[in-house]
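These are my notes from one sitting with a single model.

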Amino acid sequence: MTSLPDGVATVPQTGAPEEGVGSWTRRVPVVGPFDAASALATLVAHAVPGVDRVDTGRGEVTRLVETSAGAVAVTVRLTPDALEARGDGGDPDAVGALVARWFDADADLATVHTVLGADPVLAPLLARRPGLRVVGHPSGFEAAVTTVLGQQVSLAACRTFAGRLAAAYGREPGVVGADGLRLFPDPGTLAGAQAAELQSAVGITGARTRTLLALAAACADGLVLGPHVADDPAALADTRARLLALPGVGSWTVDYLSVKVLGDRDGFVPGDLVLRKALGGIDARAAARTAEAWSPVRAYALFHLWTHTAY
């Protein structure tokens with residue numbers, strides 16, 4: 001059984017929810033095999049209090065999602081065969097597409113298995129979890145903010161900071177099924193925050209506050225953080241350069257966001273401490289050289305090493 005981090009509670013197991021007027025269900029096909037258990041464990045590890053609600057008994061995550069038709073509380077059930085999204089209102093088709101990207105539903109597992117299966121380090125991990133996915137995030141901006149909050153602190157501290165930020169600057173849209181969940185603050189709201197108030201509300205340093213405000217201002221001014229960016233090499237390079245130009249944003253943050261948010265399936269984070277320990281305590285340069293053999297699916301190698309270390 002996966003243990004829950006502080007501040008993340010499961011909801012009681014109940015029967016299937018009743019659907020009312022305006023409710024919908026979307027079955028999102030997944031290329032098999034699909035490691036639903038590992039994906040759920042990743043959700044648990046990164047859940048933000050007040051923003052994500054994880055039910056490990058039912059294998060579900062619930063959160064608010066913004067669509068062109070308004071905010072909607074979406075519950076996604078993860079099974080080895082498919083992803084099932086439920087909601088009430090909003091744009092069901094858009095939510096279905098978002099869920100597919102979030103959980104890497106159409107992963108090119110044939111290439112992953114061919115490349116990683118030939119490697120003596122990765123082959124045993126692949127055999128243990130053949131359906132492991134690169135789990136992304138439904139909100140690129142939220143993921144970028146939580147990544148900044150997580151710089152040089154524990155994952156538990158990061159969740160605490162993110163929960164405080166959501167409580168102070170997020171909003172409750174009052175939609176069906178929300179049950180007290182809040183929308184994470186949008187770029188414009190966060191960019192307009194006063195530095196001293198933001199620092200006090202979240203409990204972070206002045207330097208980290210400046211980074212958050214700069215990131216929010218850049219996104220409010222048109223910096224797009226989404227999984228489609230990696231489809232255009234020039235756009236990916238430009239987005240990485242714009243992120244690196246922000247105060248307090250370094251290579252680890254940009255590499256991580258390239259994998260988690262920008263959709264770069266050949267992305268890698270050679271400077272990550274957990275990764276380097278998993279590879280025997282080597283330095284970042286050695287990690288980068290080792291990963292050359294895993295191209296063009298280095299992001300999957302990264303997730304296999306992270307998952308093997310964590311679980």
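**Entry 1, largest pocket.** I started with the open spaces, keeping in mind that the model is predicted. The largest pocket comes out at about 1100 Å³. I listed its lining and got 38 residues, of which Ala45, His46, Leu155, Tyr256 and Trp306 are the closest to the centre. I then looked up which elements supply two or more lining residues: helix H1 (36-46), strand S3 (60-67), and the helices H5 (140-149), H6 (155-169), H11 (251-260), H12 (273-278) and H14 (298-310). Which element gives the most? I found H14 in that place, with 5 residues. Sorted by class, the lining holds 20 nonpolar, 12 polar and 6 charged residues.

I noted a volume of about 700 Å³ for the second largest pocket. Its lining has 36 residues, and those closest to the centre are Pro138, Ser139, Gly140, Phe141 and Glu142. The elements that contribute two or more residues here are S3, helix H2 (92-102), H5, helix H7 (187-191) and H11. S3 gives the most to this lining, with 4 residues. By class I have 19 nonpolar, 8 polar and 9 charged residues for the second largest pocket.

I counted secondary structure next: the protein chain has 14 helices and 5 strands. Its radius of gyration is 19 Å, close to the 19 Å from the globule rule for 311 residues, so I put the chain down as being as compact as a globular protein of that length. Along the principal axes, the C-alpha atoms fill a box of roughly 50 × 45 × 35 Å. Of the 311 residues, 49% are buried. I also looked at contacts with a separation of 6 or more, and 66% of these join residues 24 or more positions apart.

How many disulfides does the whole structure have? My search returned 0. I looked into why, starting with Cys158: its sulfur has the sulfur of Cys219 as the closest cysteine sulfur, but at 16 Å, which is too far for a bond. The cut-off for a disulfide is 2.5 Å between the two sulfur atoms.

I placed Thr211 in helix H9, which spans residues 206-220.

My last stop was Ala94, which lies in helix H2. H2 had already come up among the elements giving two or more residues to the lining of the second largest pocket. Ala94 is partly exposed, with a relative accessible area of 32%. I took one distance from there: the C-alpha atoms of Ala94 and Asp106 are 16 Å apart, for a spacing of 12 residues along the chain.

How values were computed. Residues numbered from 1 in each chain as written. Predicted model: local features only at pLDDT ≥ 70, side-chain atom pairs only at ≥ 80, totals over all residues. Heavy atoms only, no water. 1 Å grid on protein atoms, 1.4 Å probe; cavity = no way out; pocket = protein on both sides within 12 Å on 5 of 7 lines; lining within 4 Å. Points joined across faces, edges and corners; volume = space filled by probe spheres on them. Nonpolar A, V, L, I, M, F, W, Y, C, P; charged D, E, K, R; others polar. Rg over C-alpha atoms; globule rule 2.2 N^0.38 Å. Buried < 20%, exposed > 50% of the residue type's maximum accessible area, 1.4 Å probe, protein only. Contact = heavy atoms within 4.5 Å.
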